[in-house]
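User: I have a structure open and want to go through it with you. Can we take it step by step?
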Amino acid sequence: MDWTIWLEWILKGLVLCLILLTGFAYLTLYERRALARIQVRVGPNRAGPQGLLQPIADAVKLIFKEELTPGKVYKTVFFLAPVLTVVPSLIIAAVVPLGSSFTLFGREITLYVADLNVGVLYLTSIASIAVYGIVLAGWSSNNKYAMLGGIRSSAQMISYELSLGLCFVIAILLGDSMNLNEIVAAQEEVWFVLVQPAGALVFLIVTLAEVNRAPFDMPEAEQELTAGYHSEYSGMKFALFFMAEYQKMIVISMIAATLFFGGYREFWFLKDTFFSVDAVWKIGSFQTQAWFLGPIYLLLKVVVLLFFMIWIRATWPRIRYDRLMAFGWKVLLPLSLVLAFITATGILLAQELNNPMIYSIGIPVVSSLVALLTVVLIYRELRRKSHGRF
Amino acid sequence: MSSELIVFLVLSLVAIATALGMLFSQNAVYSALFLVLNFVTVAVFYLLLGAPFIAMSQITVYAGAIMVLFLFVIMLLGAENLAPSKNLPWQKPLARLLSVILAVEAIYLLFSRARTDLAVTAPDASLNTMDSLRDMAMSLFNQYLLPFEVTSILLLVAMVGAIVLTRQEKGGK
């Protein structure tokens, strides 16, 4: 094998890690500023212009903090847990395409680290591995609160993983491939969020639970569990958990954008225009394909999706633990099953009857109706209960 | 020696080491973690054989779902460091006998198969795309429909059984 291929892989991996690390640093700032705006505060704006150097100040503070290792922890696992949490959040991004490709020094450089045929399965497997870090952190701390946080998070992540998998199935069916590049390419004409709006919505809800974000941040519910699984961690080890959480937010937004919002591709109505990823730009005698628009579009989508996550955190109360479980098992799982069924049936009918209208009108309408029905049923159930025991 | 063989040998070492670690760990959580490592190593073996689909399923199902449940139960029950329970008198001889039978069978199969065909042929790389998935689904739902459905009913029975066993009677305490 050619050594340049190795070099390309390593460089691309490094660049991806750097992107995620920088993204993490500035996401914390973004979140704090956005939360402050929503709560009519100013937020951190002292370090640098508009507080742009705040992440660096935070990092310096965390590095110089004392690291405590409580006496009765299980040492090996206690040290391993932060690493096990961060690593999956980094490597899961390897299959997400950031753009198409460009030519440098006569070789074609693709803007993804790995082009896996089973890309979507890779996502599920890494997502299922990601539970370990949190569980082990909770257990090895030898602390009741941390332990309860760890157990809660594992139960929550296992429960919501099922619906997550079914949402992946919807995207696989629509894209007719498990390769993320092909799924993105299939969204050239129309984004999957328009074909399966309810599926995309379920996906976004489930991802919130998967990354333990508000309103599903039970593992670290402050009032009940102090800080949950990372109660005993301090200094850089705590920073690693913090980093993992924010990187997971970024990565999951990237995945959501890739599966349902067209990935690195432009808006579907900008196809064949100047702003398309496939367009050829001419500046004087210099001519280039507009590959650099891909990462920009993806970044825009990720920023918007992240804003939704922050917005939800700022405005929604945390839901009670038993309701969280009931919501996952009794609502989201059946709903995503039905949605996957509708999608498959719609695609098959459109093929058999040779009628693309079933695909483009039937699936969105039927699945939206099902989602609406679910909302009505939940509402009635909650009303019924509010007159009873609860 | 080809690089693939070196990778294989190193992986085998890791697999055996993790399996032994699983057996001899005093702490149930460490045992579970060794088992996870073992499953991941096996997944890498599948990758080596050119079967990424099975490799990823292995990680998702075994390392991801099942072992997390194991850990969950161990932690929930606080069963990390249980004292060794009293053995049944016939347990050890029976275990020895069974393990000897298993070893003999394995060795017999290894040599009888190996003599005919030593080479392990990697499946066609094109088999790993969406088509192979479709083929697999087709054979699952056509040729092997009955076993498939029987398996799902078995799992359902196990699930219902677990719920019935742990359910508290309504109106009781």
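User: Among contacts in chain B between residues at least 6 apart in sequence, what percentage join residues at least 24 apart?
Analyst: The figure is 58%. Keep in mind that this is a predicted model.

User: How many helices and strands does chain B have?
Analyst: Chain B has 6 helices and 0 strands. Along the sequence the pattern reads α-α-α-α-α-α.

User: And what percentage of chain B counts as buried?
Analyst: Of its 173 residues, 14% count as buried.

User: What about α5(A) and α6(A)? At what angle do they pack?
Analyst: The angle is about 155 degrees, and their axes are 7 Å apart. α5(A) is therefore roughly antiparallel to α6(A), as the angle is over 145 degrees. The crossing of α5(A) past α6(A) is left-handed.

User: Which residues make that contact?
Analyst: From α5(A), the residues include A:V131, A:I134 and A:W139. From α6(A), they include A:A146, A:G149, A:G150 and A:M157. By class, the contact of α5(A) with α6(A) has 9 nonpolar, 5 polar and no charged residues.

User: What about the loop between α5 and α6 of chain A? Which residue is found there?
Analyst: A:N142 is found in that loop. A:N142 has a positive phi of about 55 degrees, although it is not a glycine.

User: Why point that out?
Analyst: Because most residues other than glycine have a negative phi.

User: Where is A:D176 found?
Analyst: A:D176 is in the loop between α6 and α7 (180–186) of chain A. A:D176 also has a positive phi of about 55 degrees, and it is not a glycine.

User: Why does A:D176 count as exposed?
Analyst: A:D176 has 12 C-beta neighbours inside 10 Å, so it counts as exposed. The cut-off for exposed is 12 or fewer. A:N142 has 15 other C-beta atoms within 10 Å, so A:N142 is partly exposed.

User: Next pair: α1(A) and α12(A). How are they oriented to each other?
Analyst: They are oblique to each other. Helix α1 (residues 3–38) and helix α12 (residues 293–315) of chain A pack at about 45 degrees, with their axes 10 Å apart. α1(A) passes α12(A) in a right-handed crossing.

User: Which residues meet there?
Analyst: Those of α1(A) include A:L27, A:Y30 and A:E31. They meet A:L306, A:F307, A:I310 and A:A314 in α12(A). The residues of this contact divide into 9 nonpolar, no polar and 1 charged.

User: Last one. Where is A:I56, and how far is A:I56 from A:K282?
Analyst: A:I56 is in helix α2 (residues 54–64) of chain A. A:I56 and A:K282 are 226 residues apart in sequence and 39 Å apart in space, C-alpha to C-alpha.

User: Is A:I56 buried or exposed?
Analyst: A:I56 counts as exposed, because it has 12 C-beta neighbours inside 10 Å.

How values were computed. Residues are numbered from 1 along each chain as its sequence is written. Chains are lettered from A and ligands numbered from 1 in the order in which they are written. This is a predicted model: local features need pLDDT of at least 70, side-chain atom pairs count only at pLDDT 80 or more; totals for chains, interfaces and linings use all residues. Axes are lines fitted to C-alpha atoms, for helices over the stretch in contact, and angles run from 0 to 180 degrees between N-to-C directions. Helices (H or I, at least four residues) and strands (E, at least two) are DSSP runs, numbered from the N terminus. Angles under 35 degrees count as roughly parallel, over 145 as roughly antiparallel, 65 to 115 as roughly perpendicular and the rest as oblique. A crossing is left-handed if the near helix is turned anticlockwise from the far one by less than a right angle, and right-handed if clockwise. Two residues are in contact if their C-beta atoms, placed from the backbone, lie within 7 Å. Ala, Val, Leu, Ile, Met, Phe, Trp, Tyr, Cys and Pro count as nonpolar, Asp, Glu, Lys and Arg as charged, and the others, Gly among them, as polar. A residue is buried if 20 or more other C-beta atoms lie within 10 Å of its own, exposed if 12 or fewer, and partly exposed in between; C-beta atoms are placed from the backbone.
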